[in-house]
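Biologist: I would like to learn how to read the features of a model such as this one. Could we go through it one feature at a time?

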Amino acid sequence: FPYTTLFRSRTKNIDLLEKTRRTKAKHGRTPKREQPGKNISQRPKEVETRTTFGHWEMDTVQGKKSAEDPVILVLAERLTRYNLAFKITSKTPNAVSRVITKLKELTGDYFDEIFKTITPDNGSEFFEVANEVDQVYYADAYSPWQRGTNENTNKLIRRHIPKGEDFDEKQDRDIEFIENWINTYPRGIFGFRTSEELFKEELEKITA
């Protein structure tokens with residue numbers, strides 16, 4: 001497990017392409033789906049207090065408002081504020097699941113220690129995450145403040161990618177540049193240390 005590269009650079013968007021054929025949605029009202037996992041109110045106290053490493057929030061950042069267009073999948077770690085960002089083919093469960101699968105391949109036996117919990121919003125694109133990760137807690141509908149780390153990260157991403165911009169033109173290097181910029185700027189909350197520094201220290205504790 002190459003923690004010195006923070007495992008991000010080994011993942012390319014070509015690895016995350018959907019392999020199944022998509023079907024067109026039928027017209028008419030979509031039936032309401034129940035959350036497949038636990039509610040955010042059931043999260044362990046240590047997640048709420050940001051006292052331990054390995055608790056992540058998950059969200060998507062959209063360009064065009066279409067489920068058929070590429071989006072950026074963002075994972076933000078609550079203790080260090082470290083983020084991972086991936087351009088995925090569409091806002092679908094299959095595309096999200098492929099990222100989780102790739103992260104499992106890259107982190108191997110350390111996956112459960114690095115990704116102890118994940119808290120996504122309750123969009124249907126995240127409904128397969130509960131089948132991929134043991135501890136998944138879904139935020140309430142229309143409650144972005146419940147994932148404050150995600151919200152702050154998304155605002156930083158929007159400095160580089162305004163709303164409505166076409167993600168088709170964004171390449172791996174563009175997403176990696178934004179991710180690196182967020183992770184390496186000094187944060188006052190950490191005494192002007194960077195998220196990357198703190199994240200690497202936590203990985204070293206796990207892999208030592």
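Predicted model: local features only at pLDDT ≥ 70, side-chain atom pairs only at ≥ 80, totals over all residues.

Modeller: Start with one side of helix α6, where R173 and F177 are exposed.

Biologist: Which residues of α6 are buried?

Modeller: I175, I178, E179, I182 and N183 are the buried residues of α6. In general, an α-helix has 3.6 residues a turn, so residues three or four places apart point the same way. Seen down the axis of α6, the buried residues fall within an arc of 130 degrees, so they line one face of the helix.

Biologist: What covers the buried residues of α6?

Modeller: The cover includes β3, β4, α5 (148-158) and α7.

Biologist: What span should helix α6 have at 1.5 Å a residue?

Modeller: The 13 residues of α6, 172-184, should span 18 Å, and the end C-alpha atoms are 18 Å apart, which agrees.

Biologist: How many residues does the largest nonpolar core have?

Modeller: That core has 29 residues, and W56, M58 and L75 have the most contacts inside it. At least two residues each come from β2 (55-62), β3 (71-77), β4 (83-88), α2 (93-107), α3 (111-114) and α7 (195-207). The element that gives the most is α2, with five residues. A second, separate core has 11 residues, among them I72, L156, I178 and I182.

Biologist: How should I read a strand, for example β5: which residues lie on each side?

Modeller: Check the two faces in turn. In β5 (residues 117-120), T117 and T119 are on one side, I118 and P120 are on the other, and all are buried, so both faces are covered. β5 pairs with β2 in the parallel sense over four bridges. T117 of β5 is the bridge partner of H55.

Biologist: How many salt bridges are there?

Modeller: The count comes to eight. D59 and R147 meet through their side chains at 3.5 Å, N to O. D59 is in strand β2 and R147 in the loop between β6 (137-138) and α5, 88 residues apart. D59 is buried at 6% relative accessibility, and R147 is buried at 4%.

Biologist: Where in the chain are K91 and E125?

Modeller: K91 is in the loop between β4 and α2, and E125 is in the loop between β5 and α4 (129-132), 34 residues apart. Their side chains form a salt bridge at 4.0 Å, N to O. K91 is partly exposed at 24% relative accessibility, whereas E125 is buried at 5%.

Conventions: Residues numbered from 1 in each chain as written. Heavy atoms only, no water. Core = buried A, V, L, I, M, F, W, Y, C linked by side-chain atoms within 4.5 Å. Buried < 20%, exposed > 50% of the residue type's maximum accessible area, 1.4 Å probe, protein only. Expected span 1.5 Å × (residues − 1). Arc of directions from axis to C-beta. Contact = heavy atoms within 4.5 Å. Pairing = 2+ DSSP bridges.
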